[in-house]
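Biologist: Please take a close look at the packing inside this model. Which parts touch, and how?

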Amino acid sequence: MAEGPSAGSLLVTGAASGIGRAIAEAALREGYETVLVDRDAEALEDAATALSALGRVHSHAADVAEGDALVTAVAATRAARPPLIGAAACAGIEVLGKVDELDPAEWSRCLAVNLTGVFNTARAVLDELLQTRGSFVAVASDAGVVGAQGYAAYCASKHGVVGLVKAMALDYGPRGVRVNAVAPAFVETPMAERIFAGDDRARDYYRAAVPLGRFAGPDEVAHAVLHLVGPHASYTTGHIYRVDGGATAGYFER
C-alpha cells in the first residue's frame, strides 16, 4: 500500500457501492484511512469488511438527507482516526420523470439526498477541513452542467450541487479549503443498471452520444476525485471536472 499524502483520513458518502466504494478503495490504496458512510447498513458492513484488507476503515450507517446524521457519523469516528483531510460527497439517487409526471414526494426526496445531502456532508466536515486545510469534492453529474430529457428532479439536484460547490469555493478558499466537483456521465454502476433495466435501446442511445464510445468505470471517476483531493490539485478550486468521455463538449453525431 502506498503512503498517502499525509497521515489523514478521507470521508466518503454513498460508500457501500458504485462510485463511492471505488473512491474508498482508491483512497485506501493511496494510504488514506477512510470513513465510509451509507444508509444501507448491511451493504456498508460488507464493503467495510472487504476494503479493510487494503487499510484502516471506519464506517457509520447514516442517511445523508437527515439533518445531523453526518454530524453524528463524523463525531462517532473522530477518536479512532486521524483528522479528515478530505471528503467526497458521493451519495445520490436516481429519480426519473418530467415535471408533470413527478410526484412531489419524489422531487423532494431527490433534492434531499442529492443536494441537501451534499450540504449536510459539508456542514459535518468543515470544522476539520478548516483545521487541516483540506479538500471537499462533490460528485455531481453531466446532468449538472447540461439538461437531460425526463430527468427534471435529477438535473435540478445536480445543477444545485454545481452551484453549491462554486459558492463554497469562494467562501472557504480564503481559509485554505479547496472545493471541487466531478461531473460524470453514465458510469457502469448499479444505479445505471437500474435506470436502463434491460432497455438496451436507451443504453445504446446514451453510449452513442459519448465521443469515446463507452461509459466510464467507477475507478475512472474515483481517480479524478483522488486527484482533486490530493496535492497535485493544490491550486484547483471551484472546478467542475467533467469525467464524461466528451459527452458535454458539444453536439456530436457518431
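Modeller: A residue counts as buried under 20% relative accessible area, exposed over 50% and partly exposed in between (1.4 Å probe, protein chains only). The model is predicted: local features need pLDDT of at least 70 and side-chain atom pairs 80 or more, while totals for chains, interfaces and linings use all residues. Numbering starts from 1 along each chain, and side-chain values use heavy atoms, without hydrogens or water.

Start on the outside. Ala79 has a relative accessibility of 83%, so Ala79 is exposed. Ala79 sits in the loop between H3 and strand E4 (84–89). Helices (H or I) are DSSP runs of at least four residues and strands (E) of at least two, numbered from the N terminus. From Ala79 to Ala181 is 102 residues along the chain.

Now step into helix H3. H3 covers residues 69–78, and Thr77 is one of them. Thr77 is buried, at 6% relative accessible area. Contact means heavy atoms within 4.5 Å. Setting aside neighbours within four places in sequence, Thr77 touches Val35 and His58.

Next, the helix pairs. Two packed helices are described by the angle and the distance between their axes. Axes are fitted to C-alpha atoms over the stretch in contact, with angles from 0 to 180 degrees between N-to-C directions.

Take H4 (residues 104–132) and H5 (residues 152–172). Their axes come within 8 Å and cross at roughly 20°. H4 is therefore roughly parallel to H5. The cut-offs: under 35 degrees is roughly parallel, over 145 roughly antiparallel, 65 to 115 roughly perpendicular, and the rest oblique. On the H4 side, the contact is made by Trp107, Cys110, Leu111, Asn114, Leu115, Val118, Phe119, Ala122, Leu126 and Leu130. H5 supplies Ala152, Ala153, Tyr154, Ala156, Ser157, Lys158, Gly160, Val161, Leu164, Met168 and Tyr172.

H1 (residues 18–29) and H8 (residues 218–229) are another pair. Again the axes come within 8 Å, here crossing at roughly 55°. H1 and H8 are therefore oblique to each other. From H1, the contact uses Gly18, Ile19, Ala22, Ile23, Ala26 and Ala27. From H8, Pro218, Asp219, Val221, Ala222, Val225 and Leu226 meet them.

Last, the rings. The structure holds seven aromatic pairs. Rings of Phe, Tyr and Trp (its six-membered ring) pair if their centres lie within 6.5 Å; planes under 30 degrees apart are stacked, over 60 edge-to-face, the rest tilted. One of the pairs joins Tyr151 and Tyr154. Their ring centres are 6.3 Å apart and their planes lie at 65°, so this pair is edge-to-face. Tyr151 and Tyr154 are both buried. Tyr154 also belongs to the H5 side of the contact with H4.

Phe186 and Phe196 make a tilted pair. Here the centres are 4.8 Å apart, with 45° between the planes. Phe186 lies in the loop between strand E6 (178–184) and helix H6 (190–196), and Phe196 in H6, so the pair ties together parts ten residues apart in sequence. Both rings belong to buried residues. Phe186 has a relative accessible area of 17%, and Phe196 has 2%. Ring pairs also link Phe186 and Phe196 with Tyr205, Tyr206 and Phe215 in a cluster.
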